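Please find below a short note on the model shown here.

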Amino acid sequence: ENPEQALTELYEHYVGRNFVTPEYQETVLERGIKKLLEQRDLAKRFTKRRIEDQLYRVTFPFVEQKDNETIRVIKPLFLGQKDSTAIIEHGGRWKLKVDQLRKRHLLKGPILFPVKGPEPGQINDVRVEAFEEALANLRGDGIEIALHTEKDRILEFAGWTAH
């Protein structure tokens with residue numbers, strides 16, 4: 001009925017790639033981490049789990065448990081949104097989640113956030129500054145940060161030792 005609107009929507013989808021949401025980006029990062037863990041035979045130690053009590057719950061893609069206690073968690077995080085505010089807020093949401101789980105004594109072990117920030121080709125100072133601020137806000141209290149490309153660091157956190 002409205003060819004102009006249809007054309008705009010098609011353009012946004014295929015050229016603007018508007019379907020590449022932060023959630024989608026994190027799914028792509030999760031696949032990469034899973035593949036990395038599988039290559040070193042670590043994938044079976046980590047499972048997707050919901051850590052919860054009656055009031056609060058968070059699902060993580062990679063949780064290692066021992067005797068029903070969470071030993072360590074890996075959660076890939078995309079912090080390369082188009083808007084600097086969105087970058088800071090997304091990092092802040094995950095800091096809040098970790099803080100809430102720690103307050104409830106549901107998450108005692110360390111957590112690693114392999115992060116992906118703004119792409120080098122599309123970097124502007126504001127987004128880089130927001131990315132750095134988001135990382136600074138996340139750090140601390142058993143939270144470790146690695147770039148998603150730092151494979152050795154991720155494997156080391158996951159418990160892999162070179163033979």
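1. In this predicted model, the largest nonpolar core comprises 23 residues, and those with the most contacts inside it are F60, L79, F113 and V115. A nonpolar core is a set of buried Ala, Val, Leu, Ile, Met, Phe, Trp, Tyr and Cys residues joined through side-chain atoms within 4.5 Å. Buried means under 20% relative accessible area, exposed over 50%, and partly exposed in between (1.4 Å probe, protein chains only).

2. Two or more residues of this core come from each of strand 2 (57–66), helix 3 (84–103), strand 5 (111–116), helix 4 (125–138) and strand 6 (143–147). Helix 4 gives the most, with five residues. Helices (H or I, at least four residues) and strands (E, at least two) are DSSP runs, numbered from the N terminus.

3. Leaving aside residues up to four places away in sequence, F60 touches T47, K48, R49, I51, V73, K75, W94, L101 and I111; contact means heavy atoms within 4.5 Å.

4. A second, separate core has 13 residues, including L36, L37, I74 and A158.

5. Most residues other than glycine have a negative phi. D41, in the loop between helix 2 (22–39) and strand 1 (47–52), has a positive phi of about 60 degrees although it is not a glycine. D41 is exposed, with a relative accessible area of 54%.

6. D141 lies in the loop between helix 4 and strand 6, and its phi is also positive, near 50 degrees. D141 is partly exposed, at 47% relative accessible area.

7. Residues are numbered from 1 along each chain as its sequence is written, and side-chain values use heavy atoms, without hydrogens and water. Local features need pLDDT of at least 70 and side-chain atom pairs count only at pLDDT 80 or more, while totals for chains, interfaces and linings use all residues.
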